[in-house]
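Please consult the sequence and the structure alongside the text.

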Amino acid sequence: MSATPNENTPEQFEKLNVSAPADKAGGAGAVYHAMRHAVGKAGVARAKAALTKLNQKSGFDCPSCAWPDPDGHRSAFEFCENGAKAVASETTASRIDAAFFARHSVSELADRSDHWHDQQGRLTEPMVLREGRSHYEPISWEGAFELVADELKKLSSPNDAVFYTSGRASNEAAFLYQLFVRAFGTNNLPDCSNMCHESSGLALKQSIGVGKGTVTLEDLREAELILVIGQNPGTNHPRMLSTLQQAKEKGARIVSINPLREAGLVAFSHPQRVTQVLGGKTPLADTFVKIRTNGDQALFQAIGKRLFEMEASGRSVLDCDFVNEYTAGLGAYRDSLKAKSWESLLDACGLERSVINELAAAFASKKRIISCWAMGLTQHRNAVATIRDLTNLHLLRGAIGIKGAGMCPVRGHSNVQGDRTMGIYEHMPEWFYKALDKEFGIECPRAVGLNAVQAIRYMKQTSGCVFFALGGNFLSATPDTEYTAQSLRNCSLTVHVSTKLNRSHLITGKKALILPCLGRSEKDEQKSGAQWVSVENSMGIVHSSSGQIPPASPQLKSEVAIVCGLARKVLADRNISIGWSEFESDYASIRSAIERVVPGFENYNLRARQPGGYYLPNPVKERRFETDTGKANFSVAPLDIERAEKGRLLLMTIRSHDQFNTTVYGLNDRYRGVKGERRIVFANPEDMKRLELSGDDIVDVVSFFNGKQRVSRMYRLVPYDIPEGCVAMYFPEANTLVPIDHIATGSETPASKSVQVEIRKR
Ligand SMILES: Nc1nc2c(c(=O)[nH]1)N[C@H]1C(S)=C(S)[C@@H](COP(=O)(O)OP(=O)(O)OC[C@H]3O[C@@H](n4cnc5c(=O)[nH]c(N)nc54)[C@H](O)[C@@H]3O)O[C@H]1N2
Ligand SMILES: Nc1nc2c(c(=O)[nH]1)N[C@H]1C(S)=C(S)[C@@H](COP(=O)(O)OP(=O)(O)OC[C@H]3O[C@@H](n4cnc5c(=O)[nH]c(N)nc54)[C@H](O)[C@@H]3O)O[C@H]1N2
Ligand SMILES: [Mo]
């Protein structure tokens with residue numbers, strides 16, 4: 001049984017339709033596509049009930065990205081096309097029940113595409129795959145909890161269990177989950193952040209003392225210079241475009257640094273402004289820097305070098321007051337840049353000296369500078385060093401901790417940041433463990449747990465582990481799909497708390513469970529009445545989210561109820577008294593416990609409920625840098641970029657416009673001009689000529705790492721405006737090619753944006 005989606009047959013490529021990429025994002029098209037998806041899937045009444053409450057102060061938080069909602073007035077349509085798709089996928093009228101699983105064997109389901117899986121609808125009842133069986137069968141909730149408890153008890157050590165989290169879990173669910181896992185006895189809490197912004201968190205923590213962003217929406221509106229680096233907001237954070245539009249109208253200059261000219265950054269039509277729906281648009285990026293994949297570190301170092309040269313020639317470029325009072329390590333940083341030749345820096349980023357001069361001049365003449373970035377920076381071997389090199393530039397200019405300036409890692413999953421704040425991490429600081437011990441009378445394990453990549457390796461080499469996932473699609477989201485499949489198959493039990501069917505339910509341990517849960521949009525009734533939950537967005541605002549529509553099935557449980565039910569069973573014979581039943585019946589009691597454990601959550605029940613929520617404290621905003629030196633640290637890094645080796649190309653794996661991570665809503669990538677197909681490779685026309693490849697060819701892609709090759713078969717080439725030597729493919733399909741050991745130094749995030757590949761004609 002294959003762990004990856006089926007390969008195409010040559011005839012299937014006939015649906016592929018390629019046209020010119022769009023010259024703007026948003027507009028009437030976005031509204032049309034949003035409504036078509038929502039109404040088509042959910043039916044008019046359910047879609048309307050859900051969408052009118054999406055991102056409203058009394059409604060529910062969008063389950064798509066983590067971009068914040070406006071602090072003040074909110075329009076009636078406070079969502080984007082892709083938020084609507086996420087809601088449509090969750091509120092769909094289609095259902096998967098026991099009869100569905102009786103009809104389709106696991107191996108038959110594994111042969112279907114990810115798109116087909118999403119179309120089958122919501123999971124409705126707990127299902128078990130017993131050892132040696134071909135089909136999932138129904139099981140009671142109690143039976144399911146008992147099975148998990150039995151398998152966990154059989155382990156020789158709690159460290160043979162792995163508890164993954166995806167970033168949709170609420171603060172309440174995440175807090176209880178990590179408490180349960182630590183009371184059970186392990187810190188094995190990998191999460192989707194390990195594949196996502198882990199590099200940003202680590203880099204910022206080392207440089208400025210806080211592993212989160214330092215700006216607000218208001219700061220973005222006040223900024224004079226905004227860099228959008230390695231990010232495709234038109235697709236992945238569409239509501240960010242209206243903020244950029246407002247900044248632009250106030251005079252901000254926007255620079256996009258990306259190998260691809262993404263439509264959303266070229267221009268934007270606001271879907272709620274009548275003139276723009278009718279065709280008008282605001283050009284967004286003033287400057288497009290077409291960087292070679294992974295050339296960013298060299299670019300940031302080159303800008304730094306140029307700023308020092310300008311300073312040396314008598315211009316006052318550095319913010320000396322800031323640097324003297326608040327930073328450490330300037331001298332070593334300056335010396336390291338001096339020692340690097342212009343030639344090596346320009347060669348490494350593939351840009352002309354004039355581009356560097358222009359960007360350095362922009363940095364030198366503006367104070368209110370914000371850098372936004374996402375996966376284009378984090379998923380490389382040198383990601384941590386690159387983000388620290390970017391931070392260096394802000395420190396030189398004192399562009400941090402003041403209005404309109406700072407660092408803005410744009411988060412992915414809607415509550416990935418909150419989950420980390422709640423303790424979903426394999427390596428929490430000692431004060432956190434102490435606070436948990438005190439509050440709950442337990443003794444948290446202190447040994448560092450496993451992150452995602454380490455967990456995959458561990459489960460592969462250790463037979464009979466238990467893998468448990470609170471959301472997500474571990475098999476498809478992690479690198480090296482065939483390797484990860486072996487590690488999941490080596491488990492005694494794999495368990496998934498999920499809303500929708502995905503490939504991780506089909507590549508399983510000896511036994512497997514699917515535990516279906518409520519989605520964000522659904523009402524959550526417990527013993528004490530209707531419950532709400534809370535989340536933290538990309539800018540550190542904590543706010544409430546209340547489900548609005550009836551659950552997809554009466555058998556669904558909330559994530560909180562599932563964790564509590566499980567904890568009661570698993571910890572039954574331990575001498576631990578944690579009030580799981582009280583937590584389950586009234587979530588306010590969970591928030592009270594969080595308030596006593598996690599700083600910044602004082603008066604949590606009240607403040608999270610106030611319209612719009614509240615900001616968590618962030619010392620960097622007051623220029624307090626809680627690092628090892630007590631100052632903001634300049635960093636020094638060797639230039640360490642990934643270049644395609646001779647005859648090879650550098651592969652980035654990216655998202656299409658019709659997917660949310662591993663959930664595939666459709667087969668189009670509208671803004672890039674691709675319709676009807678996902679098995680494609682975007683390639684530079686000159687490279688294609690050189691390699692004697694044409695758009696009609698069907699090809700296999702082979703990746704190379706440490707002497708080992710990995711193959712993904714049956715793709716069509718699409719000639720595209722991408723730097724020479726670089727290619728792009730969609731994830732999750734391309735994850736087969738990402739080597740498990742090709743990871744970012746320090747953060748261990750899979751380097752899925754720079755993989756060495758060869759393209760072979762079939
Ligand atoms: N609709 C929708 N929204 C989403 C998601 C989704 O799948 N669908 N996913 C959510 C999640 S979890 C996340 S983390 C975010 C992801 O949001 P993004 O980071 O925007 O997602 P990617 O598609 O990975 O795009 C990465 C961008 O980086 C560029 N890039 C690649 N390599 C390099 C490089 O070396 N240097 C530079 N400068 N740029 C590079 C690519 O061209 C692309 O524009 O979106 C979130 N929002
Ligand atoms: N090659 C490559 N790989 C990547 C990336 C890349 O750019 N390139 N990006 C990485 C990034 S940034 C991320 S964040 C990860 C994402 O990794 P994950 O978070 O593991 O994956 P998702 O696809 O978001 O998870 C989708 C599943 O979550 C379940 N789900 C949806 N909503 C809920 C809910 O409310 N509760 C519960 N319990 N389950 C729910 C559904 O069953 C659905 O099938 O992938 C990473 N993988
Ligand atoms: Mo992410």
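## Basis of the description

The model is predicted; local features need pLDDT of at least 70, side-chain atom pairs count only at pLDDT 80 or more, and totals for chains, interfaces and linings use all residues. Residues are numbered from 1 along each chain as its sequence is written, chains are lettered from A and ligands numbered from 1 in the order in which they are written, and side-chain values use heavy atoms, with hydrogens and water left out.

Ligand 1 has 32 residues around it, and Asn258, Glu262, Asn294, Gln659 and Asn661 come nearest. A residue is counted as near when one of its heavy atoms lies within 4 Å of the molecule. By class, this shell divides into 12 nonpolar, 16 polar and 4 charged residues. In this division Ala, Val, Leu, Ile, Met, Phe, Trp, Tyr, Cys and Pro are nonpolar, Asp, Glu, Lys and Arg are charged, and the others, Gly among them, are polar.

At least two shell residues come from each of helix H11 (233-236), helix H20 (375-378), strand E25 (649-654) and strand E26 (659-660). Helices (H or I, at least four residues) and strands (E, at least two) are DSSP runs, numbered from the N terminus. Domain 1 (10-22 + 644-761) and domain 4 (198-414) each contribute at least three residues to the shell; the domain bounds come from an automatic or database domain assignment.

Nitrogen atoms of ligand 1 have protein N or O atoms within the cut-off for a polar contact, a pair of N or O atoms within 3.5 Å. A polar side-chain atom of Asp296 lies 2.7 Å from a ligand nitrogen. The backbone also takes part: an N or O atom of Gln659 is 2.7 Å from a nitrogen atom of ligand 1, and one of Gly376 is 3.5 Å from a nitrogen atom of ligand 1. Taken alone, ligand 1 exposes 910 Å², of which the protein buries 99%. Such areas come from the Shrake-Rupley method with a 1.4 Å probe.

## Surroundings of ligand 2

Around ligand 2 there are 30 residues, the closest being Tyr164, Ser166, Ala477, Glu559 and Thr662. The shell holds 10 nonpolar, 15 polar and 5 charged residues.

Side chains supply contacts to both oxygen and nitrogen atoms of this ligand. An N or O atom in the side chain of Asn502 is 2.8 Å from an oxygen atom of ligand 2, and a polar side-chain atom of Gln379 lies 3.1 Å from an oxygen atom of the ligand. Thr653 places a polar side-chain atom 2.9 Å from a nitrogen atom of ligand 2. Ligand 2 taken alone exposes 930 Å², and the protein buries 96% of that.

## Salt bridges

Side chains of opposite charge can pair when their charged atoms come close. The whole structure contains 52 salt bridges, each defined by a side-chain nitrogen of Lys or Arg within 4 Å of a carboxyl oxygen of Asp or Glu. In one of them, the closest N and O atoms of Asp61 and Arg520 are 3.1 Å apart. Asp61 lies in the loop between helix H2 (44-51) and helix H3 (81-91), and Arg520 in the loop between strand E18 (511-516) and strand E19 (524-526), so the pair ties together parts that are 459 residues apart in sequence. Asp61 is buried at a relative accessible area of 7%, and Arg520 is buried at 10%. Buried means under 20% relative accessible area, exposed over 50%, and partly exposed in between (1.4 Å probe, protein chains only).

Asp114 and Arg503 form another salt bridge, with the closest N and O atoms 3.0 Å apart. Asp114 lies in helix H6 (residues 114-119) and Arg503 in the loop between strand E17 (493-498) and E18, so this pair ties together parts 389 residues apart in sequence. Asp114 has a relative accessible area of 8% and is buried; Arg503 is buried at 1%.

## Backbone geometry

Phe731 and Pro732 are joined by a cis peptide bond with omega of about 10°. Pro732 is placed in the loop between strand E32 (726-730) and strand E33 (755-761).

Asn661 is not a glycine, yet has a positive phi of about 50°. This residue, one of those that come nearest to ligand 1, lies in the loop between E26 and strand E27 (663-664). Met714, in strand E31 (residues 708-719), has a positive phi of about 70° although it is not a glycine.

How values were computed. A polar contact is a pair of N or O atoms within 3.5 Å; within protein, one must be able to donate a hydrogen and the other to accept it, and residues adjacent in sequence count only if both atoms are side-chain atoms.
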